[in-house]
Amino acid sequence: MDAKTQKSEMTRTAIVGAAMDLASAEGLEAITLQAVATRLGLSKSGVFSRVGSREALQKAVIEEFGRRFLADVFVPAMQKPKGLARLDEIVSRWIVRTRDVEIETGCIYTAGAFELDDREGELRDLLLEEVTRWRAALRRTVLQAIETGELKAETDPAQLVSEVNGLVMALLHDARFLRDPRAAERAVLTWQRLVASYRA
């Protein structure tokens, strides 16, 4: 990679990062080429030349959030054996990431879902695809824990995934809106009770 290309990639990374900050604070609709350009001291055309349209930048933010989320939550958990150990690692890491990252910045998956739930279009479709892919990965992990005999054979994977998702949404609500300093601790206890109810 030559110096010019490297600089362009670094600038693109900075642009997506600034757009993520905007989305976290004000929502995906707050992302504009001008707002990002102003934050970074670039020209609007300079931002456009590296990321394209406003919608392309919004999509890049969703994709980058997904990449970071999976890198923090899912990828490290793959080191654990299939079954309950892996599922527990995923949920534990999700709670930790929510506590350490999303409590401060907000969650683009959650906030974006509320922001785009009644809007049609490519941006909503992309967010739906990302969230659906994540929940499918979580569902596969639940299925593996059923197959290993650690969770009850009659466990409904979609139900458990829904309950885990609800647990994390409650954590976000209580920590960010209620400002409950024990929200993450409560989420851990909720997970422990929930998984105990499904154990074989």
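Modeller: Of the 200 residues of the protein, 42% count as buried. The model is predicted.

Colleague: How many helices and how many strands does the protein have?

Modeller: Read along the sequence, the pattern is α-α-α-α-α-α-α-α-α. The count is therefore given by DSSP runs, numbered from the N terminus. The protein has 0 strands, and its helices number 9.

Colleague: Which percentage of the contacts between residues at least 6 apart in sequence joins residues at least 24 apart?

Modeller: The C-alpha trace spans about 60 × 40 × 30 Å along its principal axes. Within the protein, contacts between residues at least 6 apart in sequence were sorted by whether they join residues at least 24 apart, and the share that does is 67%.

Colleague: What span does helix H7 reach from its first C-alpha to its last?

Modeller: Helix H7 covers residues 122-147, which is 26 residues. At 1.5 Å a residue, 38 Å is expected. The span in the model is close to that, at 37 Å.

Colleague: Where do the buried residues of helix H2 lie, seen down its axis?

Modeller: In H2, residues 33-40, the buried residues are Leu33, Val36 and Ala37. Seen down the axis of H2, they fall within an arc of 100°, so they line one face of the helix. In general, an α-helix has 3.6 residues a turn, so residues three or four places apart point the same way. The buried residues of H2 thus lie within an arc of 100°.

Colleague: Is glutamine 58 buried or exposed?

Modeller: Glutamine 58 is found in helix H4. Leaving aside neighbours within four places in sequence, glutamine 58 is in contact with Leu28, Glu29, Ile31 and Leu123. Its relative accessibility is 3%, and the cut-off for buried is under 20%. Glutamine 58 therefore counts as buried.

Colleague: Which residues does threonine 11 touch, not counting those up to four places away in sequence?

Modeller: Threonine 11 is in helix H1, residues 3-26. Its relative accessible area is 15%, so threonine 11 is buried. Not counting residues up to four places away in sequence, threonine 11 touches Leu42 and Arg50.

Colleague: What phi does arginine 179 have?

Modeller: Arginine 179 lies in the loop between H8 and helix H9, and at 68% relative accessibility it counts as exposed. Most residues other than glycine have a negative phi. Arginine 179 is not a glycine, yet its phi is positive, about 55°.

Colleague: Which glycine takes a positive phi just after H7?

Modeller: A positive phi is also found just after H2, where glycine 41 takes about 70°. Just after H7, the value is about 85°, and the residue is glycine 149.

Colleague: What distance separates the C-alpha atoms of serine 92 and alanine 187?

Modeller: Serine 92 is in helix H5 and is partly exposed, with a relative accessible area of 29%. Along the chain, serine 92 and alanine 187 are 95 residues apart. Their C-alpha atoms are separated by 9.4 Å.

Technical notes: Residues are numbered from 1 along each chain as its sequence is written. This is a predicted model: local features need pLDDT of at least 70, side-chain atom pairs count only at pLDDT 80 or more; totals for chains, interfaces and linings use all residues. Side-chain values use heavy atoms; hydrogens and water are left out. Helices (H or I, at least four residues) and strands (E, at least two) are DSSP runs, numbered from the N terminus. The expected span of a helix is 1.5 Å times one less than its number of residues. Buried means under 20% relative accessible area, exposed over 50%, partly exposed in between (1.4 Å probe, protein chains only). Contact means heavy atoms within 4.5 Å. The arc is that of the directions from the helix axis to the C-beta atoms.
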